[in-house]
Amino acid sequence: MTLPATPTDTAPEKSSASASVPTQRGSRRTAPLSENKKAERKLGWLLCAPAALVMVAVTAYPIIYSVWLSLQRYDLRFPDQREFIGLENYVTVLTNEFWWTAFGVTALITVVTVAVELVLGMGLALIMHRTLVGRGIVRTSALIPYGIVTVVAAFSWRYAWTPGTGYLADLFSDGAPLTERASSLAIIMLAEIWKTTPFMALLLMAGLALVPEDLLKAASTDGATAWQRFTKVMLPVMKPAILVALLFRTLDAFRVFDNIFVLTAGGNETSSVSMLAYNNLIRGLNLGIGSTMSVLIFITVAIIAFVFVKLFGTAAPGSDDGERR
Amino acid sequence: MAVETTTRAKLRWGLLDVLVVVFALIPVLWIASLSFKTPATLTDGKFFPREWTLDNYKTIFETDQFVRALINSIGIALIATLVAVVLGAMAAYAISRLDFPGKGLLVGVSLLIAMFPQVSLVSPLFEIERQLGLFDTWPGLILPYITFALPLAIYTLSAFFKQIPWDLEKAAKMDGATQAQAFRRVIAPLAAPGLFTTAILVFIFCWNDFLFAISLTSTERSRTVPAALSFFTGASQFEDPTGAICAAAVVITVPIILFVLFFQRRIVSGLTSGAVKG
């Protein structure tokens with residue numbers, strides 16, 4: 001199912017457990033609840049309640065509150081002028097060129113990094129999964145970008161490209177690459193790709209582990225080339241894992257913030273939407289506009305997720321419970 | 001012939017391995033190298049230091065600013081991890097073992113939160129926490145960390161729990177063990193690796209956060225290291241903080257490197273098992 005590395009891997013046990021779930025559910029609908037069943041329900045709710053409460057209290061309530069804030073003129077520097085203004089903030093933001101520039105930057109970073117990461121991540125996944133030598137070393141070093149604090153990595157890239165200090169700065173003839181828009185964006189994307197390719201690779205490796213070894217051998221004896229084995233055997237089996245990895249990375253890439261904050265602080269029109277919302281809120285102390293951007297970002301992310309699920313039929317994680325909507 | 005091909009294949013894989021290792025390590029080595037450079041050689045642009053010094057580390061550990069931030073980082077991440085793993089384990093046990101209505105909803109909600117744009121929470125939380133007096137406090141950061149760590153904890157733990165042979169518990173009871181004994185002697189040792197792995201992943205997540213740390217704090221009281229780095233100055237106000245920033249960056253990278261070195265297998269299995277469930 002997954003990796004054999006898990007200490008308590010008991011495949012037959014698992015299949016029997018998951019098989020018994022639907023039958024239990026079936027009987028629950030028809031037969032009246034027994035005492036045991038009632039107790040089980042109660043325990044289930046009790047155990048889930050704390051986690052559910054925290055998650056809802058810290059996300060659902062604030063997001064509703066932020067919709068409410070977005071309908072007000074509310075600048076903390078001028079608290080007296082606070083009033084309900086309907087959708088005016090949305091008009092302000094959506095007709096603002098800074099917003100659309102930031103939106104474009106975010107979209108560009110998302111598309112480019114996710115595309116590059118898919119290719120590199122697939123390569124890395126194949127190396128981690130199939131290498132004949134040094135598997136432990138490769139996996140260990142690949143985990144370092146995943147685990148390292150993004151801000152730390154961002155500082156490393158920043159100093160690497162700083163003229164005089166950095167070992168990479170001389171690659172550009174005119175010096176200071178972080179002071180120009182195109183090269184800044186390229187460096188931001190490089191930093192993002194370096195940091196998150198291993199995560200993409202791990203998600204893909206999980207899919208790679210599902211490819212039956214016999215099938216590859218059979219294809220090989222039938223004369224399939226390595227490329228054919230990859231496209232005709234591996235990719236179809238891996239499709240669900242690829243879609244999940246793409247969905248997760250797309251949504252994650254859309255939130256890009258840390259790298260931009262450290263590398264350019266949003267200068268030279270390199271702000272992402274997260275960066276812009278942060279600047280309006282914490283630097284500008286404009287809660288109304290900041291909240292409007294928060295809501296717009298939330299809606300965009302919801303649309304992306306919806307498109308993935310509807311268009312590509314991405315199976316949501318957890319769907320193997322047979323419990324999904 | 002056969003021997004030759006395997007040698008060549010090994011060589012090819014070895015080359016690819018080296019490529020990956022170099023690519024992964026260069027930025028880490030670079031910031032470590034900067035942290036060991038003397039002020040005079042800091043801007044020489046060489047990848048390796050020509051003169052080594054520990055002064056940058058001395059500087060940061062002598063300033064209150066860094067020590068305080070480090071304590072905040074460790075305390076906040078540990079508390080958030082502990083709470084998230086306990087709450088997550090309860091929910092994951094229910095999801096993987098019990099049958100109750102609303103289970104799908106919980107899984108769906110945690111999935112939504114895993115994909116949630118965190119910046120959308122920054123403005124309302126900023127305002128709510130100011131009103132509740134949570135702004136710039138430990139709980140003010142711990143709460144959002146728990147929230148965003150819970151989906152990760154629930155997914156990873158349910159994946160682990162589904163692999164536990166729960167029948168062993170029944171068998172132990174049939175052999176005369178009490179419920180408590182069966183749990184302590186049989187189930188707990190089987191569940192411990194999963195809990196531990198989840199704790200590492202959650203800790204890395206909390207340790208890593210920057211957006212909440214910089215938005216929901218305003219003073220040294222609760223600012224964590226990633227947020228504090230950008231406020232760093234050198235030994236005096238007018239000194240270039242590069243060396244100090246790099247040294248602090250290396251200090252907060254050490255735990256990550258240790259985790260990765262010692263628990264690589266667990267981290268990989270935790271991340272892949274939680275993810276492949278979809």
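Between chain A and chain B, 13 residue pairs are in polar contact, with both residues of each pair at pLDDT 80 or more. The model is predicted. On the side of chain A that touches chain B, helix α2 (residues 35–70) of chain A gives the most, with 22 residues. That side of chain A holds 67 nonpolar, 26 polar and 19 charged residues.

In total, 112 residues of chain A are in contact with 107 residues of chain B. The size of an interface is often given as the accessible area lost when the parts come together. Between chain A and chain B, the buried area is about 9700 Å². Carbon and sulfur atoms give 75% of that area.

Across the interface of chain A and chain B, 1 salt bridge is found. The partners are Lys37(A) and Asp99(B). Their closest N and O atoms lie 3.9 Å apart.

Within chain B, Asp136(B) lies in a loop. The loop runs between α5 (119–132) and α6 (138–161) of chain B. Asp136(B) has a relative accessible area of 4%. The cut-off for buried is under 20%, so Asp136(B) counts as buried. The side chain of Asp136(B) makes a polar contact of 2.7 Å with the side chain of Ser222(B). Leaving aside residues up to four places away in sequence, Asp136(B) touches Leu216(B), Thr217(B), Ser218(B), Thr219(B), Arg221(B) and Ser222(B).

Key
Residues are numbered from 1 along each chain as its sequence is written. Chains are lettered from A and ligands numbered from 1 in the order in which they are written. This is a predicted model: local features need pLDDT of at least 70, side-chain atom pairs count only at pLDDT 80 or more; totals for chains, interfaces and linings use all residues. Side-chain values use heavy atoms; hydrogens and water are left out. Helices (H or I, at least four residues) and strands (E, at least two) are DSSP runs, numbered from the N terminus. Buried means under 20% relative accessible area, exposed over 50%, partly exposed in between (1.4 Å probe, protein chains only). A polar contact is a pair of N or O atoms within 3.5 Å; within protein, one must be able to donate a hydrogen and the other to accept it, and residues adjacent in sequence count only if both atoms are side-chain atoms. Contact means heavy atoms within 4.5 Å. Buried area is the accessible area (1.4 Å probe) that two parts lose on being put together, summed over both. A salt bridge is a side-chain nitrogen of Lys or Arg within 4 Å of a carboxyl oxygen of Asp or Glu. Ala, Val, Leu, Ile, Met, Phe, Trp, Tyr, Cys and Pro count as nonpolar, Asp, Glu, Lys and Arg as charged, and the others, Gly among them, as polar.
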